[in-house]
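Thanks, everyone. I have one model to walk through this morning. Please have the structure up while I talk.

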Amino acid sequence: MRKTFRIKKPAEFQNVFDHHQSVANKYFVLYRLKKQNQKHFRLGLSVGKKVGKAHDRVFVKRRIRQAFLELKPMLDSEVDILVIARPAAAHQSQAFIKKQLEHVLKLAKLLKEENHDSNQ
């Protein structure tokens with residue numbers, strides 16, 4: 001995922017925290033902030049020390065980024081998203097992490113519906 005798709009500055013993180021709407025499941029907490037006239041969504045990640053050692057946290061971040069890369073066509077473009085990984089997300093498979101992120105994104109109403117039925 002390109003760096004233009006990431007939230008990096010502490011002030012931007014704080015802005016989303018201050019004006020957020022949040023949803024959660026056992027594995028992730030998701031904060032979202034609608035932003036008008038934005039070309040694409042931006043993603044901020046937070047994986048705390050409770051998740052594990054540094055290599056475990058990097059591992060989880062990579063899997064989250066990969067899941068968002070695969071879900072990119074179905075995501076709303078005018079939104080900033082913060083994902084906070086909970087300790088239960090450590091040592092999970094890529095497919096499982098993607099499934100849990102899809103669940104949280106559906107709760108937040110950020111996933112566009114796919115049209116599989118139009119071909120039938």
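Contact here means heavy atoms within 4.5 Å.

Before going on, the ground rules. This is a predicted model, where local features need pLDDT of at least 70 and side-chain atom pairs count only at pLDDT 80 or more, while totals for chains, interfaces and linings use all residues. Residues are numbered from 1 along each chain as its sequence is written, and side-chain values use heavy atoms, with hydrogens and water left out.

Back to I7. It sits in the segment before helix 1 (10-18). Helices (H or I, at least four residues) and strands (E, at least two) are DSSP runs, numbered from the N terminus. I7 counts as buried because its relative accessibility is 3%. The cut-offs: buried is under 20% relative accessible area, exposed is over 50%, and partly exposed is in between, with a 1.4 Å probe and protein chains only. Now look across to F41. I7 and F41 are 34 residues apart in sequence, and their C-alpha atoms are 9.7 Å apart in space.

Next, the cores. A nonpolar core is a set of buried Ala, Val, Leu, Ile, Met, Phe, Trp, Tyr and Cys residues joined through side-chain atoms within 4.5 Å. In soluble globular proteins, nonpolar side chains tend to be buried together. The largest core in this model has 30 residues. Which residues have the most contacts inside it? They are F28, L30, I64, F68, I81, V83 and L105. Strand 2 (28-34), strand 3 (42-47), helix 2, strand 4 (79-85) and helix 3 each give two or more residues to this core. Helix 2 provides the largest share, five residues. There is also a second, separate core of seven residues, and I7, V16, L33 and L82 are among them.

Take I64. Leaving out neighbours within four places in sequence, I64 is in contact with F28, L45, V83, A85, I97 and L101. L45 lies in strand 3. At 15% relative accessibility, L45 counts as buried. Beyond four places in sequence, L45 touches F13, K61, I64, R65 and V83. L75 is another story: 30 residues from L45 along the chain, with 17 Å between the C-alpha atoms.

Now the helix pair. How do helix 2 and helix 3 cross? The axes of helix 2 (residues 54-71) and helix 3 (residues 94-107) come within 9 Å and cross at roughly 60°. That makes helix 2 oblique to helix 3. The crossing is right-handed. On the helix 2 side, the residues are R63, I64, Q66, A67, F68, E70 and L71. They meet Q94, I97, K98, L101, E102 and L105 in helix 3. By class, that contact has seven nonpolar, two polar and four charged residues.

H91 has a positive phi of about 60° although it is not a glycine. H91 is in the loop between strand 4 and helix 3. With 61% relative accessibility, H91 counts as exposed. K109 also has a positive phi of about 60°, and K109 is not a glycine either. Its place is in the segment after helix 3. K109 counts as exposed, at 72% relative accessibility.

How values were computed
Axes are lines fitted to C-alpha atoms, for helices over the stretch in contact, and angles run from 0 to 180 degrees between N-to-C directions. Angles under 35 degrees count as roughly parallel, over 145 as roughly antiparallel, 65 to 115 as roughly perpendicular and the rest as oblique. A crossing is left-handed if the near helix is turned anticlockwise from the far one by less than a right angle, and right-handed if clockwise. Ala, Val, Leu, Ile, Met, Phe, Trp, Tyr, Cys and Pro count as nonpolar, Asp, Glu, Lys and Arg as charged, and the others, Gly among them, as polar.
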